Amino acid sequence: MPKNSKVTQREQSNDHVTESVADLLAHEEPFDCKNSSLNVGGAPGKKVPQIEVPENDGRPTWNSKLQYILAQVGFSVGLGNVWRFPYLCQKNGGGAYLVPYFILLLIIGIPLFFLELAVGQKIRRGSIGVWNYVCPSLGGIGMSSLMVCGFVGLYYNVIIGWSIFYFFQSFQYPLPWSECPIRRNGSLVIVEPECEKSSATTYFWYRQTLNTTSTIADSGGLNVKMTLSLLVAWIIVCLAVIKGIASSGKVMYFSSLFPYLVLFCFLIRGLMLKGSVDGIAHMFTPKLEKMLEPKVWREAATQVFFALGLGFGGVIAFSSYNKIDNNCHFDAVLVSFINFLTSILATLVVFAVLGFKANIMNEKCIAENTEKILGYLNSSVLSYDLIPPHLNFSQLSTSDYAEVYRVIKTVKEDGFAQLGLDPCLLEDELNKSVQGTGLAFIAFTEAMTHFPWSPFWSVMFFFMLINLGLGSMIGTMTGITTPVLDTYKVNRELFTVCCCVVAFFCGLLFVQRSGNYYVTMFDDYSAGLPLTVVVILENVSVAWIYGTKRFMQDLEDMLGFRPCIIYFYLWKYVSPICLILLISATVIEMAIIPPGYNAWVQELAEERFQSYPPWALTMCFSLIVVAMLPLPIVFIARRFNLMSDGSNKLSVSYRKTMMKDISNLEEQDESRFILGAKPGEAPPIAPAGRPYLTPAGNKTLDPNSLSPNICYGTSYQNPAVSPTTPTTPITPATPESDS
C-alpha cells in the first residue's frame, strides 16, 4: 500500500478516529477506496474510472430567486388573509390578538415552515418522495398530504368561480346588488319581499348568485351560472400549472403582486372615507383580558398553521425546485413575515371600509328612529318638552340622537320597550362579526356600492380575490402533481389536464343550489384535523426518527452555516407539544360543538343553524378518515414488507452528491465527512470499542448493523461486496520503520 495513502497515514497515527460517512457506507474500517480490493471490478493497486454523474439531474429549477419567493408568497397569502384574519382579530381582542399570533408564529410557524423548505430543498422531491426518504414507515404522510390537497382544491376553486361571476357582474352601473329588485303585478309595484327583509347585497348573494336551497338535503339541481364560472376557473388553473414551474412561475409575477397594488389602493381610498378611522381604531383597540382565554391562543395557532400552508405539500414541492445551496432559512423568515404583514394590511383595509359602512348604517338607523320619534311627538305619545330646544330634527347628529334617546328612555322607563327605538350605536355596527363569504360577498360588497365609481372598485376587488385564490390554487395543484410526477414517470401536460378535468366533474357537487353547504362541510372537515396530524408527524419524523442532530448537520452542509440552536429545541420539544395541544383542542371542540351549517331560510330571509342529517354527518367524518387513511395503511404495509420503501424513487441529485463524495475521496479533504474535525487535520484512528459519533448521538459501531440503509434510509449497497461473503476487518498495521 502506498506510504502516502490515507489509510497508511491513519495507521501511523496514535490519535483516535471518528468514522466518516463515506467509511460507514463501505461497511468497513477506513480504507483507500481506489487501491482496495473492494473496488468494483478492479484489483488492488489498479485504478478504476470514477463514476461520473451529470451536474444537472434534469429537474427544473426556478428562473430566479424572486420568482421562487413570489411563488411561496402567492401560495401562503390567500383568501384567508383577507376574510379570516380580520375576523379573528376583531373577535379575539383587537390589537391584543396580535400578541399570541406573533408569539405562535415565532415558535410554531417559522420553525415548521423552515423544516418543510429544508427537506424539500435537500431531497429535491415532492411530499411523497421526501417522507419516503426521511422515514419509509411514515411515507403515508405524503399521500395524506396529497389527499388533503385534492379535497381543498375541489372547493377552493369554487370560491374562485364565485369571484369570477362577481367580477363580470361588476361591469355595469349601477351595480346589480346595489338595489332590491322590483316585482310588478299589473299596476302594483312592490319590492321583492326576501330582499326587503334582508338587504340588496344579501339577496343578490343567496338568491341571484347561489339560488340556494333551504337545506342540504334538497340539492335543487345544478346552478348553470356557477357551473360555467367553475369551468372558467379550472381552465385558468390548468393553463397556469400545465408546464409546471415554467408556466406557474411566470403567472406568479402578476398574481402575487397585483393583490398588493389593490390593497394599497383600497387603503388609500378607504382612509379618505368618513368613518374609516373609527373602524381602524375599533379594530386595534386592545382588549387585554382576551389574551388570557385559551380559545384565543388555539385560534391563533390554527390561523398561523393554515396561513403558511403547512402540511399541504405545496411548500415542499416549490422548494424542491431550488438549488441545493439556497438559503432556505432566509426564505422561511422572509415569507412568514410577508404573510404576517399582509394580514395586517388586509385588516387595515377591511376595517377602514367597514368603518365607513358602519357610519352609513348608523346614519340610516338615526334617520329611521328620528322619523319614529317625530311620529310619537305628533300623536302626543311623547311630549315636545322632552326634546332639548337646540336640537334640529332635520339634521340630527349621532351625539344629538344619543341625548334624545337617553332622555326618552329615562322619562318613559316603563313603556320604553313598546316605542321600538334603537340606540343606533356605532360600536354595535362595528361589532357585527363577519367572515369568509359573508365578508367578501355581502359586507364588503355593500360598502363598495357607496363608493364613487363603485363599478371600478368592484372590478378591482374581485380581480384581487381571483388572483389571491389563483396563487393558492397553483401551490395546491403543485402539491398534487409534483409528488406524483416524481414517483411515476407520466407526461406532465396529460396528467395535469386529467387532474383538472376530474376535479371539475367532482366539483359539480359544489355548484348545485345546495353547493354552498358542501363548501362549508369540506372547509370544516377535510383539512383541519388531517393537516394537523400530518404536520405533527412531519415534525416527529424529522426531529425524533431522522434525528434533530442529523438534520442540523444536513442543514449546515446545505446552507454553509449552522442554524441557531433554538431550532433544535423548537423542533424537538416545543412544536410537537404545541401541535399535540392543538389536536386535542380540535378534537374536544368537534366533540362539544354539534356538527351543522348555517342554512338560508327563504321565508324568513335569514340564516338559521341546522344540524347535519345522518348521511351528511357520515360524509363529514368520512372526509377525515379518507384523508388520514394512507398513514396507517403505508405504516402496516411497510412494517410487514408488503410495500417497497420507495428508495428507488429518491432524488438523483442526492445520490449524485453521495457518489461524488466517495469517488473524489482521495482528491478532496476528507475532513468534510468527519463530524467535529477541522479541515486539514489528519483523522486519527479509533480504538476498539470506542463509540462512534453519529448524527443521532453516540453509538458503538457494529459492523453487522451499520449499513447505508441505516445511515441514509436508503438501500444502496457496495456492489463489490456480496451479502453472503464474510468480510475481514482491516486491523491496524505496525508502523513501518525508517530502515
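The model is predicted: local features need pLDDT of at least 70, side-chain atom pairs count only at pLDDT 80 or more, and totals for chains, interfaces and linings use all residues. Residues are numbered from 1 along each chain as its sequence is written, and side-chain values use heavy atoms, with hydrogens and water left out.

**Overall fold**
- The chain has 30 helices and 6 strands; these are DSSP runs numbered from the N terminus, with helices (H or I) of at least four residues and strands (E) of at least two.
- Of its 739 residues, 54% are buried, meaning under 20% relative accessible area; exposed is over 50% and partly exposed in between (1.4 Å probe, protein chains only).

**Binding site from the record**
- An unreviewed UniProt entry places a "binding site" at Gly74, Val77, Asn81, Asn339, Leu468 and Ser472.
- These positions spread over 399 residues of sequence but cluster in space, with a largest C-alpha distance of 12.8 Å.
- UniProt positions follow the numbering used here, feature names are shortened, and annotations may be inferred rather than shown by experiment.

**Asn81 and Asn339**
- Asn81 sits in helix α4 (residues 79-83) and is buried at 2% relative accessible area.
- Asn339 belongs to helix α17 (residues 328-378) and is also buried, at 2% relative accessibility.
- Their side chains make a polar contact at 3.3 Å. The term means a pair of N or O atoms within 3.5 Å; within protein, one must be able to donate a hydrogen and the other to accept it, and residues adjacent in sequence count only if both atoms are side-chain atoms.
- A polar side-chain atom of Asn339 also lies 3.1 Å from the backbone oxygen of Ser76.
- Beyond four places in sequence, Asn339 is in contact (heavy atoms within 4.5 Å) with residues including Val77, Tyr101 and Leu308.

**Salt bridges**
- The structure holds 11 salt bridges, each a side-chain nitrogen of Lys or Arg within 4 Å of a carboxyl oxygen of Asp or Glu.
- Lys65 pairs with Asp331, with the closest N and O atoms 3.0 Å apart. Lys65 is in helix α3 (residues 65-76) and Asp331 in helix α17, so the pair ties together parts 266 residues apart in sequence.
- Lys65 is partly exposed at 35%, whereas Asp331 is buried at 0%.
- Glu363 pairs with Lys274, with the closest N and O atoms 2.6 Å apart. Glu363 is in helix α17 and Lys274 in the loop between α13 (258-271) and α14 (276-284), so parts 89 residues apart in sequence are tied together.
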